[in-house]
Amino acid sequence: MLEGLEICEKKLSEVKIDNQTFRFDSEFFSIQYLEILRMLNGLATEKLEDVTTWITQGPNPFFTEEGTIPCLTGRNINQGRVIYENADFISEQEYNNLSRFQLEQGDTLITLKGKGSIGKIGFVTEKKNAIFSRNIGIVRPNKEINAAYLNAYILSKFGQNMVLRGETGGTGQSTLTCSYLKSLDIPRIENENVIGNLVWQSEKVFQSAKSAYSEAESYLLARLGMTDFAANPDAYNIKTLKESFLETGRFDSEYYLPKYEDYIELVHSYPNGYDLIGNVCDIKDNNYTPANGIQYKYIELANIGKSGEITDCNELTGEQLPTRARRIVHKGDVIVSSIEGSLDSCALVTDEYDGALCSTGFYVLKSHQHNPETLLTLFKSLPIQNLMKKGCSGTILTAIGKSEFEKIPVPLIRKEVQEEIAKHVQKSIELRMEAVQLLENAKLTVETIIENGGGNLLIYNRLQANAFEEWNHAVWLLFTEIGITSDIDVKTSIVSTYKKLSNSFLKSGRLDAEYYQPKYDHLFSELKRFKTKTIRQIATLSKSIEPGSDAYCEKGIPFIRVADLSKFGLSEPAVYLDKLEFKDTIRPKKDTILLSKDGSVGIAYKVEEPIDVITSGAIIHLNITDKEVLPDYLTLILNSFVVKLQAERDAGGSIIQHWKPSEIEDVIIPILPTSEQVTISKMLQQSFSLRKETKSLLQEAIQIVETTIEKN
């Protein structure tokens with residue numbers, strides 16, 4: 001009679017799951033959860049809050065269409081990855097105001113709200129300018145645990161079950177609290193680094209997949225003869241009534257911008273000819289009516305990746321599907337978004353999604369002139385994207401209608417070129433599948449270890465050594481050795497330069513003229529004569545916090561801001577932070593290099609010994625990982641014009657300069673022989689020894705004055 005029923009008896013003392021929450025609901029104590037807890041009890045575990053520096057919920061930011069900084073929501077977290085495409089945007093000012101919520105490499109993001117959406121995991125694999133919104137929580141690991149391993153565990157069936165166990169809200173708005181997450185048990189096992197390496201290997205293959213797609217795009221642009229193409233930038237045009245409304249039925253001025261005529265002319269001039277989309281493609285726009293009780297895969301805009309892949313889908317029964325789920329797709333179809341702002345959301349339908357449904361916001365296409373891979377690449381190319389944008393109309397929801405869509409011209413790509421494009425795109429798809437499988441292997445490894453038992457892994461810390469030296473002599477030695485002296489000003493007196501698209505925006509993502517001044521080219525030309533490395537290859541970057549003025553105290557832990565930082569040391573700060581509230585915040589270690597990234601960018605100071613201070617979020621902590629580079633030498637280079645020029649180039653163009661961590665990581669450092677670095681370090685040691693002695697003498701003088709006054 002009781003077959004299939006679950007019975008569990010708990011004492012009152014056993015239903016308090018964290019410091020403030022009692023759970024009486026039976027689901028919380030279901031057998032599947034208790035069985036996982038039993039297995040975890042057989043391992044060495046730590047609470048999540050003990051292996052992290054930060055677990056918190058995101059803010060409620062102000063979104064704006066003019067914004068440039070992504071703010072991640074639930075739709076940007078999927079299958080263990082963070083997807084920046086289709087994100088909402090905030091202004092740079094809002095980003096700076098919410099600096100404590102800026103993402104760092106190694107963070108794990110967890111969705112906290114929405115029935116059926118709770119517990120989705122995203123691993124931040126690179127430092128990008130982005131924050132996360134209120135429906136997302138962040139888990140920031142400390143150095144005692146491998147960040148990739150922690151992410152793999154939370155992604156595993158055990159981690160996912162334990163996360164979902166904390167869901168509250170029933171049939172209403174489901175939520176997951178950060179206080180519950182802090183109480184999660186994390187198994188400490190011997191293979192943490194091995195598992196972490198699998199996750200990173202997955203990411204590496206994933207990036208290779210993106211590169212393979214980019215190769216296809218580049219190949220197409222080269223074959224079209226538009227690698228260096230630049231459209232007419234004029235923001236006006238003159239058209240007669242006959243040339244405009246009577247021909248097109250359009251009165252809106254944007255439709256007639258000269259750049260669109262340039263793109264049309266470019267397509268028309270393709271040697272192999274062109275035709276209209278309506279003639280080249282079959283547009284499959286017949287409505288499909290899903291049946292109740294049947295489960296369907298449903299693809300929407302949020303499921304489309306940047307490189308033409310479908311990243312995920314929702315699985316819903318016919319009655320659960322939204323009314324816009326009315327297009328059926330099959331293997332080999334290309335789906336193209338019709339919504340302005342998301343026109344680049346195009347994807348190739350693979351085996352996995354054969355027979356799925358997609359939103360009516362997509363055009364579903366099959367071409368009898370192009371293979372699917374070439375068709376996809378065409379729709380993501382610069383000219384076709386712009387011509388689609390030209391055809392958009394509407395007020396609240398701007399989109400391109402079918403009649404406008406059909407008359408867009410596309411080049412008829414030669415067959416041998418299509419075959420080459422298809423190879424690259426297919427390779428991209430294969431690599432993505434391999435990446436997904438590698439990530440799955442990492443999850444399975446965690447699950448197997450938990451089921452079979454495991455042990456702890458000790459994490460080690462690395463410290464570097466050496467002190468500072470005579471500043472002016474060191475600078476002179478460095479400049480003389482590198483061969484860059486004051487004559488650089490003579491060589492770089494030109495104030496204009498010329499760059500192709502392939503050597504500017506496509507490489508750097510920058511269009512501001514200041515970025516391409518000849519003095520920067522001259523600097524990099526000089527640096528080519530030496531062995532060089534990027535800061536990413538030399539050191540790890542960590543960022544502190546921006547607590548806001550409300551957290552300032554008159555006593556406590558010193559809070560160091562950029563104004564308190566110089567290349568010679570730290571000044572006594574004007575404000576302090578509460579010791580208890582900020583006890584887990586990052587502190588500078590011995591040989592940590594503090595580098596300013598906001599305001600007065602590029603000020604570097606190497607910490608002599610561990611110090612109990614907290615630095616502003618505008619100050620980056622660099623910890624050297626490359627034994628070939630001495631800390632003093634790197635600090636000197638950072639303070640020299642070799643890096644100052646690079647900082648000026650990256651952070652220029654605004655009233656208050658902001659040097660992005662991703663840009664700092666790409667800074668090029670010339671590597672001198674170790675013997676030269678040692679010589680420089682000794683000179684710096686002498687310099688700082690004299691500074692220390694000077695300070696001591698001054699303090700002694702002050703003490704004599706004060707003592708004399710007190711005695712009198």
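Predicted model: local features only at pLDDT ≥ 70, side-chain atom pairs only at ≥ 80, totals over all residues.
1. Helix α20, which spans residues 641–651, is mostly covered, since 8 of its 11 residues are buried.

2. For the chain as a whole, the secondary structure amounts to 22 helices and 34 strands. The chain has 712 residues, of which 48% count as buried, and its accessible surface comes to about 35600 Å², with 51% of that area belonging to carbon and sulfur atoms. When contacts between residues at least 6 apart in sequence are considered, 77% of them join residues at least 24 apart.

3. Helix α1 (residues 31–41) packs against helix α4 (residues 157–165) at an angle of about 125°, and the two axes lie 10 Å apart. On the α1 side the contact is made by Gln-32, Tyr-33, Leu-34, Ile-36, Leu-37, Met-39 and Leu-40, while α4 contributes Phe-158, Asn-161, Met-162, Leu-164 and Arg-165. By class, the residues of this contact of α1 with α4 comprise 9 nonpolar, 2 polar and 1 charged.

4. Helix α4 also packs with helix α3 (residues 147–155), here at an angle of about 70° and with the axes 4 Å apart. Because angles of 65 to 115 degrees count as roughly perpendicular, α3 and α4 are described as roughly perpendicular to each other. The contact involves Tyr-153, Ile-154 and Leu-155 of α3, together with Lys-157, Phe-158, Gly-159, Gln-160, Met-162 and Val-163 of α4, and its residues divide into 6 nonpolar, 2 polar and 1 charged. Phe-158 and Met-162 of α4 take part in the contact with α3 and also in the contact with α1.

5. A further helix pair is formed by α8 (residues 258–268) and α11 (residues 382–391), which pack at an angle of about 130° with their axes 10 Å apart. These two helices are therefore oblique to each other, and α8 passes α11 in a left-handed crossing. The residues in contact are Lys-259, Tyr-260, Tyr-263, Ile-264 and Val-267 of α8 and Leu-382, Pro-383, Asn-386, Leu-387, Lys-389 and Lys-390 of α11. Counted by class, the contact of α8 with α11 holds 7 nonpolar, 1 polar and 3 charged residues.

6. Gln-102 belongs to the loop between α2 (92–97) and β7 (108–111), and with a relative accessible area of 3% this residue is buried, given that the cut-off for burial is under 20%. Leaving aside residues up to four places away in sequence, Gln-102 touches Tyr-95, Asn-96, Ala-130, Ile-131, Arg-140 and Lys-543.

7. Asp-591 deserves a look at its backbone, where phi is near 70°, a positive value in a residue other than glycine. Asp-591 sits in the loop between β29 (576–577) and β30 (593–596), and its relative accessible area of 3% places Asp-591 among the buried residues.

Note on methods: Residues numbered from 1 in each chain as written. Heavy atoms only, no water. Buried < 20%, exposed > 50% of the residue type's maximum accessible area, 1.4 Å probe, protein only. Contact = heavy atoms within 4.5 Å. Areas by Shrake-Rupley, 256 points an atom, 1.4 Å probe, with all protein chains shown as cover. Axes fitted to C-alpha atoms, helices over the stretch in contact; angles between N-to-C directions. Nonpolar A, V, L, I, M, F, W, Y, C, P; charged D, E, K, R; others polar. Parallel < 35°, antiparallel > 145°, perpendicular 65-115°, else oblique. Left-handed = near helix turned anticlockwise from the far one by under 90°.
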